[in-house]
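Hi there,

Here is the model I promised to pass on. Please have a look at it, and then read my notes below.

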Amino acid sequence: METIHRPRVDAIRALISEFLQSQLDEKLDELKEGDTKRAKLRLKFEYATWIDDAANRSVQIQAVTHSLKPIHPSAKGTNVYTAPSQLPDHRVVGTHCLCDTFEGDVAGNAAALDVYKFLKLSLDGRSLLDLAVAGDADLAAALTDDAEQARSWLDAFAGVAKQRGRPASHTLAKQFYWLTGEDAHDDTGFHLLAPLYATSLAHRVYQTVQLDRFGDEAKAAWEARKAGRFHPRPVREYGELAVQKLGGTKPLNISQLNSERLGRNYLLASLPPVWKTVAVQPVHGVDSVFQRYGRRREVVRLVRMLRDFLASDPAPNIRTRTRIDTLVADLLDELLHLAAEVRSLAPGWSQDPACRLSAAERLWLDPGAGTEEGAAAVPITDEAAERIAAGFANWLNARLRKPLPMGDPEYQHWRKLALEQIEDDLREAHDE
């Protein structure tokens, strides 16, 4: 005989009673005082009466993670309820990514969806549906003192999460053949698939997009971006976002979660990227390559992030140092990208009178200048590499000096990081 924990039984019973009272109050608010239906409603929402009615109506609904209704609202095939943790891993995003933190949906008779609201009531992180599926003795005792009746109700509620009958599709559902063999002319080399709508995943996507677009923190981050200020929360944009309305004026006919979204379902853009190629120009008309480098959009963005972060007076710990070094490393990546782009030009561009770069920068960016066609490029010297690293440190200190007090310690640190990156870059170029 299973042990009953009376305090937990009382807690479950109180949870159910509170739910029934809230449901009753909602219904009573729709009726005028003195309406004869008010007495009938109170009888209907008496504890045992409502539980018995809910157990009988539970066959009209089914908990799902993958639903057929969004494919066609009148389709009557199989829906599936599978906990994401039980699904195999894939390299692409899918329901399996939700792990244990997911919301199950429910399909079926809209008039019985209140039963699912009841089953979603949660105690200590577990829903009443979870407890019913597990045959929880405390839940059974909370439903009624009659053990036989409690077991019958428990089984009825647990049936909401179970598949009913053999898997089947429907004439209104979609189906397609998926080639599994080598020969598309061989009819036996196909699987017939019946796609379902991943409703739990769609709900998580909707919640995430809503939070990124309309959440308080997201709004603060957008305001900070507009004002050019640092904000720890990233700003996320969803280009070409589409909205698919399911269920028309009655989204509840599709599912409970669809109703909570007012029928709105987000479709992320799945378009190929559009590359914008910019012709690489020789570095003419400037005294230093850092004058061109500092105008690059990504460099401007990274410098602003670094300046705002330092201005926020972060704690002097390893996380702060890592954050600073990561931003500087990203800046150096951009510098090396620029160098690689310029080095793709035909050798000798730095010999033009319009080029005013220093000897070190010319040697770094135009290593083939002055060499005969087919000859190896002139390797950059250690002294030239150190001059370029020093140039980067000077440039970064100048960008941060207002309003930050940048001095020799910062200069030495930027210079050290830059020299390491430049030497690595030259080593890789030499190995190639």
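**Notes on the model**

Serine 58 is found in the loop between helix 3 and strand 1 (61-64); helices (H or I, at least four residues) and strands (E, at least two) are DSSP runs, numbered from the N terminus. At 1% relative accessibility, serine 58 counts as buried (buried means under 20% relative accessible area, exposed over 50%, partly exposed in between, with a 1.4 Å probe and protein chains only). Not counting residues up to four places away in sequence, serine 58 touches Val115, Ala156, Phe157, Val160 and Arg164, where contact means heavy atoms within 4.5 Å.

Before going on, a word on what you are looking at. This is a predicted model, in which local features need pLDDT of at least 70 and side-chain atom pairs count only at pLDDT 80 or more, while totals for chains, interfaces and linings use all residues. Residues are numbered from 1 along each chain as its sequence is written, and side-chain values use heavy atoms, with hydrogens and water left out.

As for confidence, the protein has a mean pLDDT of 88, and 96% of its residues reach 70 or more (pLDDT is the predictor's confidence in each residue, from 0 to 100). Confidence is highest in helix 3, at a mean of 95, and lowest in helix 16 (residues 408-431), at 84.

**Helix 1 and helix 3**

Two packed helices are described by the angle between their axes and the distance between the axes. Here, the axes of helix 1 (residues 6-29) and helix 3 (residues 47-57) cross at roughly 85° and come within 11 Å. Axes are lines fitted to C-alpha atoms, for helices over the stretch in contact, and angles run from 0 to 180 degrees between N-to-C directions. Helix 1 and helix 3 are therefore roughly perpendicular to each other (angles under 35 degrees count as roughly parallel, over 145 as roughly antiparallel, 65 to 115 as roughly perpendicular and the rest as oblique). On the helix 1 side, the contact is made by Arg13, Ile16, Ser17, Phe19 and Leu20, and on the helix 3 side by Tyr47, Trp50 and Ile51. By class, this contact has six nonpolar, one polar and one charged residues. For the classes, Ala, Val, Leu, Ile, Met, Phe, Trp, Tyr, Cys and Pro count as nonpolar, Asp, Glu, Lys and Arg as charged, and the others, Gly among them, as polar.

**Two residues with positive phi**

Most residues other than glycine have a negative phi. Aspartate 124, in the loop between strand 3 (122-123) and strand 4 (126-127), has a positive phi near 55°. Aspartate 124 is exposed, with a relative accessible area of 69%. Aspartate 313 is not a glycine either, yet its phi is positive, at about 55°. You will find aspartate 313 in the loop between helix 12 (297-311) and helix 13, and at 65% relative accessibility it counts as exposed.

**Helix 13**

Which residues does threonine 320 contact, leaving aside its neighbours within four places in sequence? They are Phe309, Pro314 and Ala315. Threonine 320 lies in helix 13 (residues 318-343) and is buried, with a relative accessible area of 11%. Its side chain reaches the backbone oxygen of alanine 315 at 2.5 Å.

Helix 13 also holds aspartate 330, which counts as partly exposed at 30% relative accessibility. From C-alpha to C-alpha, aspartate 330 and glutamate 298 are 9.2 Å apart in space and 32 residues apart in sequence.

**Other sites to look at**

Lysine 69 sits in the loop between strand 1 and strand 2 (105-108). Is lysine 69 buried or exposed? Lysine 69 is buried, with a relative accessible area of 18%. Beyond its neighbours within four places in sequence, lysine 69 is in contact with Ala75, Asn79, Ala107, Asn253 and Ile254.

Valine 243 belongs to strand 7 (residues 242-245) and is partly exposed, with a relative accessible area of 39%. Not counting residues up to four places away in sequence, valine 243 touches Arg264, Asn265 and Tyr266.

Best wishes

Terms used
A polar contact is a pair of N or O atoms within 3.5 Å; within protein, one must be able to donate a hydrogen and the other to accept it, and residues adjacent in sequence count only if both atoms are side-chain atoms.
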